[in-house]
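Please look at the sequence and the 3D view together before reading on.

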Amino acid sequence: MSSAKKNYSRVTTNTLIKMKSDGEKIAMLTSYDYTLAGLVDAAGVDIILVGDSASNVIAGHETTLQITLDQMIYHASSVVRAAKRALVVVDLPFGTYQADSKEALKSAIRIMKESGAHAVKLEGGFQEKQSIERILQAGIPVMGHLGLTPQSIYKFGTYTVRAKEEQEAEQLKKDAKLLEELGCFAIVLEKIPAKLAKEVAESVQIPIIGIGAGNKVDGQVLVLHDMLGMSKEFSPRFLRRYADLHYTIIGAVSSYTSDVKSGDFPNDKEQY
Ligand code: KIV
């Protein structure tokens, strides 16, 4: 364990708010399965996000829109079984909370009850006010998500930086304040100018977790498969790759394949 990491028994929403007030940065990563979530948890990440990015990196869809509530619950329950320390947050997938607040609450309850997760995340500001209120009233912690919200990709038309214009930046600041007032325990800010993210982080007491939002926020999140370098296709400026598993895995699998074909594997010691 690194000396920088404090030994919390289980990270809670209160722990995160304390971390912000103590100036301790929050590390968050996605996970979608038991094995990798166990490694991520053991390495000391504070929050594991079962992101709807599973739609992209696990299922191979072009957008996050296709993943279903049942699929999210399947991924989330696998992650929950592995996470001993991290807070597990699960994305409410597209189409499970936008129609009305009653449906939003039902979806959030299914996630909490069937997966054992600790909180939900949903995209949007004032337009989701009623859903957020209703979910919070049921005692379910909510993480907000503003800026680039991938479930609205067909409205934006592109994955470029959001809130560069004054009007959108002002709306984002108001939305962040509203999410805090409603009782959200944290907010993800995705792909917005670093200066704006800093302003938002300074204007609220709850933690702001950035992805492509600079380093003057309270924590960072990345998609696990991206930071492990599993794919070569996705290279935004904000992504730092901490491993090159793309070539490591292809190398290992091609060595295995040639060993099988040459008869080298298994050898005398690798059999009964
Ligand atoms: O689904 C996801 O992985 C996310 C992160 C990019 C924040 O929402």
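How many Å from an oxygen atom of the ligand does a polar side-chain atom of Asp91 lie? The separation is 3.1 Å.

## Basis of the model

The model is predicted, with local features needing pLDDT of at least 70 and side-chain atom pairs counting only at pLDDT 80 or more, while totals for chains, interfaces and linings use all residues. Residues are numbered from 1 along each chain as its sequence is written, and side-chain values use heavy atoms, with hydrogens and water left out.

## Around the ligand

The residues around the ligand, with a heavy atom within 4 Å of it, include Thr30, Asp52, Asp91, Lys121 and His145. By class, this shell holds 4 nonpolar, 4 polar and 4 charged residues, where Asp, Glu, Lys and Arg count as charged, Ala, Val, Leu, Ile, Met, Phe, Trp, Tyr, Cys and Pro as nonpolar, and the others, Gly among them, as polar.

An N or O atom in the side chain of Asp52 is 3.0 Å from an oxygen atom of the ligand, and for the side chain of Lys121 the corresponding distance is 2.9 Å. Of the 260 Å² of accessible area that the ligand has on its own, the protein covers 95% (Shrake-Rupley method, 1.4 Å probe; for residues, only the protein chains shown count as cover).

## The whole chain

The secondary structure comprises 11 helices and 8 strands, taken as DSSP runs numbered from the N terminus (helices H or I, at least four residues; strands E, at least two). Tyr256 has its place in helix H11, residues 245-262.

Along its principal axes, the C-alpha trace of the chain spans about 65 × 40 × 40 Å.

Methods: A polar contact is a pair of N or O atoms within 3.5 Å; within protein, one must be able to donate a hydrogen and the other to accept it, and residues adjacent in sequence count only if both atoms are side-chain atoms.
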